[in-house]
Amino acid sequence: MIPVRTDSRLRNTPWMNWGIIAANVIFFLVQHRLPGMTGRLELDPRDPSLLGFFTYALLHASTGHLASNMLFLYIFGNNVNDKMGHVGYLGFYLAGGVFSGVVYLAGGEAVPVIGASGAVSAVTGAYLVLFPRANVTIVYFFIIVGVFEIPSLWLIGFFFVQDLFLNFAGDRGGVAHLAHLGGSAFGVVLCTALLATHLLPRDHFDVVALFKQWNHRRQFRDLTASGYDPFGVSDRIRPEHRLPAPTSPEQDRVHDLRAQITEALAVHDPVRAAEAYLQMKQLDREQVLPRQAQLDVANQLASQQKYTDAADAYELFLRHYKNFEQVEQVELMLGLIYARYLERYDRAKEYLLRAMARLHGERELALARAELHQIEIAQALKPNG
């Protein structure tokens with residue numbers, strides 16, 4: 001399985017996920033230099049210790065065991081890290097490992113357990129809740145080498161069903177299937193609760209929003225079946241059962257385009273996302289995407305040299321996401337676009353000066369100063385009247 005990289009300009013780096021991967025690799029190397037370390041740090045159901053609930057997830061039985069866990073963590077963990085933030089993601093990962101260990105012990109297992117599989121299963125469960133429509137790229141080797149994409153729901157669901165079947169079939173095979181199941185359940189339930197209580201940022205395409213959309217469509221179908229006329233007033237339905245007028249075709253189209261944008265970004269197709277975004281803006285100029293999606297689309301429009309559309313997308317981003325931790329980078333980009341390509345020098349100076357007040361890198365500061373100097377020259381040479 002090889003995930004395709006997205007355009008990472010101005011994107012938050014999931015360094016906490018990378019840090020967790022690095023910690024697992026380091027512990028694996030130390031573990032095999034010091035063989036006695038495993039017995040002290042594993043989770044032993046016969047004599048469980050509080051420390052063992054945390055340390056067992058840092059140990060692995062073999063290189064293949066480590067590689068498979070880290071591959072899944074790399075594929076699914078980066079996006080979950082970006083959604084939860086660094087501290088929240090670390091806490092979630094550790095809690096997933098602890099909960100998996102508790103489930104393993106509660107299931108009456110007697111064999112000591114090691115491995116990050118339970119914590120990784122919690123991450124994949126969270127991924128399903130946060131990105132239920134995302135796809136995963138699979139590389140296959142069968143006579144020829146090729147790739148294909150499948151929904152993440154199918155891939156993660158396959159491993160969940162496999163663990164469920166093998167656990168209740170009694171086929172352990174040296175694998176703690178019960179810990180995997182506990183981790184997956186933890187990730188799905190906790191992440192759904194965090195979305196429902198708005199402790200995690202919501203968007204229109206997480207699993208809670210999808211459920212609400214499905215429920216709304218179900219109610220609407222039931223009402224139309226009982227006589228509700230979506231294009232007028234029907235005498236066959238009682239007044240107390242009437243719903244507000246349905247959305248317009250334009251609003252339905254906007255909703256579909258937003259879904260297309262999210263799906264395109266999830267499968268790393270920013271070109272298709274940008275095209276759908278421009279179609280959406282033709283229908284409703286005030287539409288704004290979730291924070292990272294809006295930024296990704298603006299970056300893509302700039303890379304396609306659609307500078308007017310890119311500037312509009314960046315403007316919307318700054319208007320709606322003022323507390324973005326790298327807002328000065330967006331202001332710098334917007335200032336450069338206005339100065340170099342749109343010749344809107346007053347707007348360019350405004351954003352460049354705002355960016356300079358927050359920029360720390362000498363290279364970026366020098367770039368902003370040089371652009372301001374070029375603006376002064378251009379304005380001096382511009383004929384009056």
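In which helix is Ser 121 found? Ser 121 belongs to helix H6 (residues 117-130), helices being DSSP runs of H or I of at least four residues, numbered from the N terminus. The model is predicted, so that local features need pLDDT of at least 70 and side-chain atom pairs count only at pLDDT 80 or more, whereas totals for chains, interfaces and linings use all residues. Residues are numbered from 1 along each chain as its sequence is written, and side-chain values use heavy atoms, with hydrogens and water left out.

Ser 121 counts as buried because its relative accessibility is 11% (buried: under 20% relative accessible area, 1.4 Å probe, protein chains only). Leaving aside neighbours within four places in sequence, Ser 121 is in contact (heavy atoms within 4.5 Å) with His 180, Gly 183 and Ser 184.

Helix H10 (residues 249-266) packs against helix H11 (residues 270-283) at an angle of about 160 degrees, with the axes 8 Å apart; axes are lines fitted to C-alpha atoms over the stretch in contact, and angles run from 0 to 180 degrees between N-to-C directions. H10 is therefore roughly antiparallel to H11 (angles over 145 degrees).

The largest nonpolar core has 45 residues, such a core being a set of buried Ala, Val, Leu, Ile, Met, Phe, Trp, Tyr and Cys residues joined through side-chain atoms within 4.5 Å. Ile 261 and Tyr 277 are among the residues with the most contacts inside this core. Beyond four places in sequence, Ile 261 is in contact with Ala 273, Ala 276, Tyr 277, Met 280, Leu 289 and Val 297.

Terms used:
Helix = DSSP H or I, 4+ residues; strand = E, 2+ residues; numbered from the N terminus. Parallel < 35°, antiparallel > 145°, perpendicular 65-115°, else oblique. Buried < 20%, exposed > 50% of the residue type's maximum accessible area, 1.4 Å probe, protein only.
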